[in-house]
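Here is a friendly briefing on one protein model, arranged by topic. Please have a look at the structure first, and then read on.

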Amino acid sequence: MCAQCYEVGSTIAMEFEERFPGTATITRFGGAGIDLEKAALLALNKAGIQADNLVDSLPRIAAATEYLAPDEELAQLCDQDGEGHSVQQRFDEMRNVMCTLENPLWHSYRRAHLAGKTMSGRHLASIGRFSGEE
């Protein structure tokens, strides 16, 4: 979920702001939100992980999104998922390929909830720190 879409309410946003300065946002929906990416980068930096040791996944996600945009199977899934528009309209309206609410390649609890669904898929991300020693 991107900073423009991740609405959490003012209490949570202010708690995040205290712990991770600069992460409170106002979402495109007008409510208080947070920038999880910025919070993660601040936490990694605090843990001693330098930014030049991180691999930015944005170029890869953007390429995969562009590659899959004309995919017929994805179009059929979007037509049948009950979450709104056609795949083409979803891609045309997308502001941030990394946003789980906007990009149909990602599972999104919020997108499913907004569509009135009672179930949704999940995804998991992890960060590992390796010392380079075997």
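Rings of Phe, Tyr and Trp (its six-membered ring) pair if their centres lie within 6.5 Å; planes under 30 degrees apart count as stacked, over 60 as edge-to-face and the rest as tilted. The structure you see is a predicted model, in which local features need pLDDT of at least 70 and side-chain atom pairs count only at pLDDT 80 or more, while totals for chains, interfaces and linings use all residues. Residues are numbered from 1 along each chain as its sequence is written, and side-chain values use heavy atoms, with hydrogens and water left out.

**Aromatic pair**
- The structure holds 1 aromatic pair.
- Phe16 and Phe20 have ring centres 5.6 Å apart and planes at 40 degrees, so this pair is tilted.
- Phe16 is partly exposed at 23% relative accessible area, whereas Phe20 counts as buried at 15% (buried means under 20%, exposed over 50% and partly exposed in between, with a 1.4 Å probe and protein chains only).

**Overall picture**
- The protein has 6 helices and 2 strands, where helices (H or I, at least four residues) and strands (E, at least two) are DSSP runs numbered from the N terminus.
- Along the sequence, the pattern reads α-β-β-α-α-α-α-α.
- The C-alpha trace spans about 45 × 40 × 25 Å along its principal axes, and 30% of the 134 residues count as buried.
- Among contacts (heavy atoms within 4.5 Å) with a separation of 6 or more, 41% come from residues 24 or more positions apart.

**Nonpolar cores**
- A nonpolar core is a set of buried Ala, Val, Leu, Ile, Met, Phe, Trp, Tyr and Cys residues joined through side-chain atoms within 4.5 Å.
- The largest one has 9 residues: Ile61, Ala69, Leu74, Ala75, Cys78, Val87, Phe91, Met94 and Val97.
- At least two residues of this core come from each of α4 (72–80) and α5 (87–93), and α4 gives the largest share, 3 residues.
- Another core lies apart from it and has 5 residues, including Tyr6, Val8, Ala13 and Ile34.

**A closer look at α4**
- Which residues of α4 are buried? They are Leu74, Ala75 and Cys78.
- These three cover an arc of only 100 degrees around the axis, so they sit on the same side of α4 (the arc is that of the directions from the helix axis to the C-beta atoms).
- The cover over these buried residues includes α3 (58–68) and α5.
- Exposed Glu72, Glu73, Asp79 and Gln80 are carried on the face of α4 turned away from its buried side.
- Asp71 caps the N-terminal end of α4, with a side-chain oxygen 3.2 Å from the backbone nitrogen of Glu73.
- After α4 comes Gly82, which has a positive phi near 70 degrees.

**Asp81 in its loop**
- Asp81 is in the loop between α4 and α5.
- The side chains of Asp81 and Arg90 are joined by a polar contact of 2.8 Å (a pair of N or O atoms within 3.5 Å; within protein, one must be able to donate a hydrogen and the other to accept it, and residues adjacent in sequence count only if both atoms are side-chain atoms).
- Leaving out residues up to four places away in sequence, Asp81 touches Arg90 and Lys117.

**Cysteines**
- The structure holds 0 disulfides, a disulfide being a pair of cysteine sulfur atoms within 2.5 Å.
- Cys78 is in no disulfide, and its nearest cysteine sulfur, that of Cys99, is 14 Å away.
- The closest cysteine sulfur to that of Cys99 is in Cys2, at 3.5 Å, which is too far for a bond.
- Cys78 is buried at 2% relative accessibility, and Cys99 is buried at 0%.
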